[in-house]
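Thanks for coming, everyone. Let me put the model on the screen and walk you through it.

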Amino acid sequence: MLKKLIVTGVLLALVSASGIFQAEARDLIASVAIIPPHAVKGSDGQASGGFVQIVKAIDGVYTEGNIDIQLYPVARAINMLKSGRADFFIPFIPASDPPAQESPYGIVSETIMQVYFVLYSRANAPALAMDQLEKYSLETLRGAPEHFPIKIGEIDSIRQGLLKVVAGRLDGFIGEQDAADAYIRMHKIKNLRRTMYTVWNATIAVQKDEKGQEVARILSTALQRLKRSGKLQKITRTIHKPYDDWQPYQMDW
């Protein structure tokens, strides 16, 4: 009889513990910006790329639930977070360092990596004056103008920005080095000049409320674990590299 009571007690404890775990478990939705080749959706519908791998790595060390990865164009990916339909947005670069209090987003304190941004202009035109950029027609990816101290337009893709510059419809496009350079090399675009613009820290944005603070804590802890193990650095090395001082107009293609 005593053995039956002990067994019953153990089973009840396990069921209770399981119930508590299920109550505390929390699944998260990651809104990932489509930025080829860092985050893309293949013809099979599967997400791939460096930023997707980062979210998967976070999911691997997040034991309180699962992370659903959803890919969208940049503006829509940001709106998913704004509207509360996603728990976090990646990649995110705060408009200031430290992030301004008036920012509409909560910020994960643990950074992911440094990102180099380059100004692309026409090689067959005079170089743009870096201290007078406000007088030129410039564009960047949609959703990013808040990062710039100058008036700058928005465009849907790196491809559009670069081709508008080459066609003379734009004085310059400011974009993330690795993705823009990959497109230039793939299509052997020659009439472009590259000028280092700035370097920013990339992290993750969350909702600016108590719920967002908890998500930020979860993500910061996961990123710290990934850094200690070296897994995060292994992924980020495939995404962003230090500034590469080369010029498309000097290439023999």
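One definition before anything else. A polar contact is a pair of N or O atoms within 3.5 Å; within protein, one must be able to donate a hydrogen and the other to accept it, and residues adjacent in sequence count only if both atoms are side-chain atoms. This is a predicted model, where local features need pLDDT of at least 70 and side-chain atom pairs count only at pLDDT 80 or more, while totals for chains, interfaces and linings use all residues. Residues are numbered from 1 along each chain as its sequence is written, and side-chain values use heavy atoms, with hydrogens and water left out.

Now to helix 5. Helices (H or I, at least four residues) and strands (E, at least two) are DSSP runs, numbered from the N terminus. Glutamate 176 caps the N-terminal end of helix 5. One of its side-chain oxygens lies 2.5 Å from the backbone nitrogen of aspartate 178. After the helix comes lysine 188, with a positive phi near 50°.

Which residues of helix 5 are buried? Buried means under 20% relative accessible area, exposed over 50%, and partly exposed in between (1.4 Å probe, protein chains only). In helix 5, residues 177-187, the buried ones are Gln177, Asp178, Ala179, Ala180, Asp181, Tyr183 and Ile184. They pack against strand 7 (113-121), helix 4 (158-166), strand 10 (172-176) and strand 11. Alanine 182 is in helix 5 too, but it is partly exposed, at 30% relative accessible area. Its C-alpha is 8.8 Å from that of proline 36, although 146 residues separate alanine 182 and proline 36 in sequence.

Next, arginine 194. It sits in strand 11, residues 193-206. Is it buried or exposed? Arginine 194 is buried, with a relative accessible area of 3%. Its side chain makes a polar contact of 3.1 Å with the side chain of glutamine 177. Contact on its own means heavy atoms within 4.5 Å. Leaving aside neighbours within four places in sequence, arginine 194 is in contact with residues including Tyr120, Gln177, Asp181, Asp244 and Trp246.

That brings us to the rings. Rings of Phe, Tyr and Trp (its six-membered ring) pair if their centres lie within 6.5 Å; planes under 30 degrees apart count as stacked, over 60 as edge-to-face and the rest as tilted. How many aromatic pairs does a search of the whole structure find? Seven aromatic pairs. Take phenylalanine 92 and tyrosine 105: centres 5.2 Å apart, planes at 65°, so the pair is edge-to-face. Phenylalanine 92 is in strand 5 (88-92) and tyrosine 105 in the loop between strand 5 and strand 6 (106-107), so the pair ties together parts 13 residues apart in sequence. Phenylalanine 92 is buried at 5% relative accessibility, and tyrosine 105 is buried at 8%.

Tryptophan 246 and tryptophan 253 are also an edge-to-face pair, 6.2 Å centre to centre, with 80° between the planes. Tryptophan 246 is buried at 8%, whereas tryptophan 253 is partly exposed at 29%. A charge sits over a ring if NZ of Lys or CZ of Arg is within 6 Å of the ring centre and within 35 degrees of the ring normal. Arginine 185 lies over the face of tryptophan 246, at 3.9 Å from the ring centre. Elsewhere, Phe117, Phe148, Tyr197 and Trp200 form one aromatic cluster.

Now strand 1, residues 28-33. Five of its six residues are buried, so it is largely enclosed by the rest of the structure. Two strands pair if DSSP finds at least two bridges between them. Strand 1 pairs in the parallel sense with strand 4 (67-72), over six bridges. There, leucine 28 stands opposite isoleucine 67. Strand 1 also runs parallel to strand 5, joined by three bridges. Alanine 30 has phenylalanine 88 as its bridge partner in strand 5.

Last, the cores. A nonpolar core is a set of buried Ala, Val, Leu, Ile, Met, Phe, Trp, Tyr and Cys residues joined through side-chain atoms within 4.5 Å. The largest has 47 residues, of which Ile54, Ile58, Phe88, Ile90, Leu138 and Ile204 touch the most other members. Strand 1, strand 4 and strand 5 are among the elements that each supply at least two residues of this core. Another core, of 29 residues, lies apart from it and includes Ala77, Ile78, Leu81 and Tyr120.
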